[in-house]
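Please look over the sequence and the model shown here before reading the report.

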Amino acid sequence: MEKAFPCQGERRPPSALNPMEPWNTLHVTTIGITAYCFLRSWFSYLTSSGHKVSLACTATEFIAELEATGARVINVPMERSAHPLKDFVSLGNLYRLMRKGSFDSVHTHTTKAGFLGRLAARLAGVPLVLHTIHDLPSNSAKNPILRHFYNGLERIAASWCDHIVTVSYANLEDIRKWKIAPLHKVTVIREGIELENYRMAVDRAAKRKELGIPEGAAIVGTVARLEAAKGHQYLLQAVPEILKQAPETFFVLVGRGHLREKLERQAQELGISSRVLFTGFREDMLEIMSTFDLFMLPSLWEGLGIVLLEAMAFKIPVVASRVGGITDVVIDGETGFLVPPRDERSLAESALRLLMDPEKGRLMGEKGYLRVAEEFQERVANERMMELYARLMKEKRG
C-alpha cells in the first residue's frame, strides 16, 4: 500500500527527460482566473508545439476557455487563505495527482498554489519543478514581522524547486533583497501581449451609449479586481478633485471582487455615484477599454501590471502607482505618469494634466504603444520561456 507522503520522493531518473521529445507539464494555480489571465497564451504555445499541458486548480470557472488552448483542466480545490486542514487535503490531492500523472515538470503560480504545489512535486519525485513569482506575498503584509514570516516561507518553498521565474526586474530586486533564492536560480521573463488582438474595430459611440455615457464626455477607466491591492478607494477619493476642473468626466471601473459594495458606498458618500460606473466582469472588457481617454491603476503593489500593457496597446495614456513591476512598464513622464501609492491628490493632479491637455495624452499614448511593441511582445515571452524549459530539461538529462 502506497504511503500517503514519503519522506523523500523517488525522482524519475534524469535520463527520462529528453528535451527533444514532447513534455508532459502540469501547471498549478489556486484559482482558474489566474490561468485565464496569465497562462492561456503559454498553454497554446506549448500545445501547438506538441507538448502536453494540464492545469490543477479550483476549477469553477473559465474551464472552457482554458481547455480551448489544448490544456486539460483538473479540479483540485484550494483555499486562497490559510486553512490548515483544507490545505493538507489539497496537498494530498496534488501529491496523488503528481504521482500518477508521469509529469516531466510541474510549474506553480501564486503563493498558496506555489507552496503546496512545490512541496507536493518534491514529495512526488517530479523531475523538474518551477515556480513563477508574479509578486511576493510579503507585499500584502503591513506588519514587518508578518512580512518576514511570509518571506521565510517563500525562502523555504524556493528550496523545493529547481528554478524560479519572475515577471519583472523590480521583483528580482526584492528576491535579492530578501534572499528568497540565489540569483543564478532566477530568470526574469516579463509578460507580453499580442498587439494584433488590440487592433480591433470598435464603434466607440455605440459602446459609450451602451454604458450610458454621453457623447463628448471624457472617460477615465481602470480594469482590475475589486480588491484592496488595486487601490480603487484612492481612485474614488481623487474623483471629486478631478470633477472640479473636468466636470464632464465619467469613471468606469471594470472588474469584480469582494469590495464592490464597499466601493459603491464610498462613491455614494463622496457624491460621485452618477459619474462612476461599476461594470463587474465583462467579456467585452477590451472593447470597453478601447473607449477610455485615460487609464488609471492606483495599485498598492503589482507584479508587472499586464493591464497597463493592454491600455498602452490601445495608445491610451496611463497614470499608475510607482510600485513593483509597474516601474518596468511605465516610463514616468514619457508613456504616462507614476505617482506614490495611496496618494489621491497626486492621482488627481496627474489625471488632470492629461485630461486638460489631450495632445500630451495622445503623444504619451503613441510612445506607450511603441514601448509595448519593442519590449513586451507575447511571442518573445513565450519563446524565452520555451528556451528556459529546454535548457532546464537538458540540464536534468545530462
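Predicted model: local features only at pLDDT ≥ 70, side-chain atom pairs only at ≥ 80, totals over all residues.

Residues are numbered from 1 along each chain as its sequence is written, and side-chain values use heavy atoms, with hydrogens and water left out.

Helices (H or I, at least four residues) and strands (E, at least two) are DSSP runs numbered from the N terminus, and two strands pair if DSSP finds at least two bridges between them. Seven strands form an open sheet with parallel pairing, in the order S3-S2-S1-S4-S5-S6-S7. Because S3 (72–75) and S7 (186–188) stand at the edges with a single partner strand each, one side of each is left without a neighbour in the sheet. From one strand to the next, the twist averages 20°. S1 (residues 24–31) pairs with S4 (residues 105–109) in the parallel sense over four bridges, and His27 stands opposite His107 in S4.

Two helices are set out below; contact means heavy atoms within 4.5 Å, and angles run from 0 to 180 degrees between N-to-C directions, with axes fitted as lines to C-alpha atoms, for helices over the stretch in contact.

| Helix | Strands | Angle |
|---|---|---|
| H4 (residues 84–101) | touches S1, S2 (52–58), S3 and S4 | about 165° with S1 |
| H7 (residues 169–177) | lies across S5 (128–133), S6 (163–166) and S7 | about 160° to S7 |

Asn382 lies in helix H16 (residues 378–397). At 9% relative accessibility Asn382 counts as buried, a term that means under 20% relative accessible area (1.4 Å probe, protein chains only). Leaving aside residues up to four places away in sequence, Asn382 touches Ser41, Trp42 and Tyr45.

Terms used
Buried < 20%, exposed > 50% of the residue type's maximum accessible area, 1.4 Å probe, protein only.
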